[in-house]
Amino acid sequence: MGFTSVFILPVLVVLVAGMYYLYNEIVKFMSKSVVRNKVVVITDAVSGLGKECSRVFHMGGARLILCGKSWEKLEALYDALNSVADPSVTFTPKLVLLDLSDINGIPEVTREILECYGCVDVLISNASMKVKAPVQTLSLEMDKKIMDTNYFGPITLTKGLLPSMTSRRTGHLVLVNSIQGKLAMPFRTAYAASKHAAQAFFDCLRAEVEEYGISVSTISPTFIRSYHLQPEQANWEKNIWKFFFRKLSHGVHPVEVADEILRTVSRKKKEVLMANPVPRAALYIRSFFPGLFFAVVAAGVKDVTLVEEEKQ
């Protein structure tokens with residue numbers, strides 16, 4: 001390699017990196033301009049992802065309606081948003097108490113949401129409940145609670161807001177789901193079932209409401225990690241399932257997901273999968289080589305049993 005090539009290569013790398021950075025900044029600016037003045041509802045706004053979505057859309061000039069189960073946490077989020085925002089380009093958020101597991105109370109909350117601005121442009125269904133346990137130890141009551149929070153609650157709220165969107169012939173429904181809506185994992189039967197159900201509902205809904213100009217998007221991360229938890233070192237261990245889906249995936253940070261939700265609303269993407277190559281490959285293996293996939297899953301479950309027996 002000659003002197004010229006050695007000199008040009010770093011310059012090209014810097015130029016490409018600069019163009020990529022500039023492109024992302026332009027996209028981010030355009031995404032924010034799209035949501036300006038839009039009425040955006042965020043459920044479970046007090047969660048890690050909910051807070052980041054609130055921040056991103058608030059800074060973008062959206063008219064926020066923040067929903068959550070704790071009034072104290074909603075007020076704390078309200079204060080945090082107002083303390084860092086420019087009041088000349090942002091709107092004061094409105095707060096609404098909402099417990100998605102309380103199905104009977106959702107119609108009244110829906111009316112309260114619509115009374116805030118008279119309409120809703122974007123609904124971000126973010127609330128989620130998780131549990132990890134062997135199927136035989138999980139009570140039917142817990143199954144129902146998870147289904148209420150992850151499936152029946154979001155679809156009840158969606159159905160309540162849908163007539164307003166169809167009459168205006170505009171709107172965007174965003175479901176923050178999980179890769180487990182497409183790829184089930186052992187010991188998460190109720191959670192995976194609820195996510196599969198939600199995925200199917202929104203996939204069907206997308207086709208039904210297209211004629212009304214309503215967009216439907218699903219965003220499926222591997223898992224959303226905590227602000228304070230760093231990814232563990234990726235070491236081979238006996239539980240191959242855990243290695244594939246926990247050690248290598250590392251999850252995504254709430255900031256990443258919130259930024260992707262903003263881009264999804266701006267570009268009206270239909271489906272987004274936020275996962276690294278390992279879980280992506282697992283999805284393809286599940287589709288085209290199911291025998292191999294289920295063998296790996298079964299091996300992982302056996303390894304878990306062996307590890308537990310060894311510790312006793």
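**Chat: bridges, patches and cysteines**

Analyst: At 39% relative accessibility, proline 107 counts as partly exposed. Keep in mind that this is a predicted model.

User: Where does proline 107 lie?

Analyst: Proline 107 is part of helix H4, which covers residues 106-117.

User: And how far apart are proline 107 and leucine 157 in space?

Analyst: Their C-alpha atoms are 7.3 Å apart. In sequence, 50 residues separate them.

User: New topic. How many salt bridges does a search of the whole structure find?

Analyst: The search finds 6. Glutamate 260 pairs with arginine 263, with 3.0 Å between the closest N and O atoms. Glutamate 260 also meets lysine 269 in a salt bridge, at 2.9 Å from N to O. Shared partners join Glu260, Arg263 and Lys269 into one network.

User: How are glutamate 260 and arginine 263 placed in helix H8?

Analyst: They are about one helical turn apart, because 3 residues separate them in helix H8 (residues 254-267).

User: Is glutamate 260 buried or exposed?

Analyst: Buried, because its relative accessible area is 8% and the cut-off for buried is under 20%. Arginine 263 is partly exposed at 27%. Lysine 269 is partly exposed too, at 22%.

User: What does glutamate 52 form with arginine 55?

Analyst: A salt bridge, with the closest N and O atoms 2.7 Å apart. Both residues lie in helix H2 (residues 48-59), about one turn apart. Glutamate 52 is buried at 11% relative accessibility. Arginine 55 is partly exposed at 34%.

User: Cysteines now. How many disulfides does the count come to?

Analyst: The count is 0. A disulfide is a covalent bond between the sulfur atoms of two cysteines.

User: Is cysteine 119 buried or exposed?

Analyst: Cysteine 119 is buried, with a relative accessible area of 13%. Cysteine 204 is partly exposed, at 48%.

User: On to the surface. Which residues gather in a patch of positive charge?

Analyst: Lys51, Lys69, Lys73 and Lys145. Lysine 145 sits in helix H5, residues 140-168. It is partly exposed, with 43% relative accessible area.

User: Which residues form a nonpolar patch?

Analyst: Tyr284, Phe288, Phe289 and Leu292 do, on the surface. Together they have about 520 Å² of accessible area.

User: Where is tyrosine 284 placed?

Analyst: Tyrosine 284 belongs to helix H9, residues 277-288.

User: Why does tyrosine 284 count as exposed?

Analyst: Because its relative accessibility is 56%, and exposed means over 50%.

Notes:
Residues are numbered from 1 along each chain as its sequence is written. This is a predicted model: local features need pLDDT of at least 70, side-chain atom pairs count only at pLDDT 80 or more; totals for chains, interfaces and linings use all residues. Side-chain values use heavy atoms; hydrogens and water are left out. Patches are made of residues with over 30% relative accessible area and no salt bridge: like charges are joined within 9 Å, nonpolar side chains (Val, Leu, Ile, Met, Phe, Trp, Tyr) within 5 Å. Accessible areas come from the Shrake-Rupley method with a 1.4 Å probe; for residues, only the protein chains shown count as cover. A salt bridge is a side-chain nitrogen of Lys or Arg within 4 Å of a carboxyl oxygen of Asp or Glu. Lys and Arg count as positive and Asp and Glu as negative; His and the chain ends are not counted. The place of a charge is taken as NZ of Lys, CZ of Arg, CG of Asp or CD of Glu. Helices (H or I, at least four residues) and strands (E, at least two) are DSSP runs, numbered from the N terminus. Buried means under 20% relative accessible area, exposed over 50%, partly exposed in between (1.4 Å probe, protein chains only). A disulfide is a pair of cysteine sulfur atoms within 2.5 Å.
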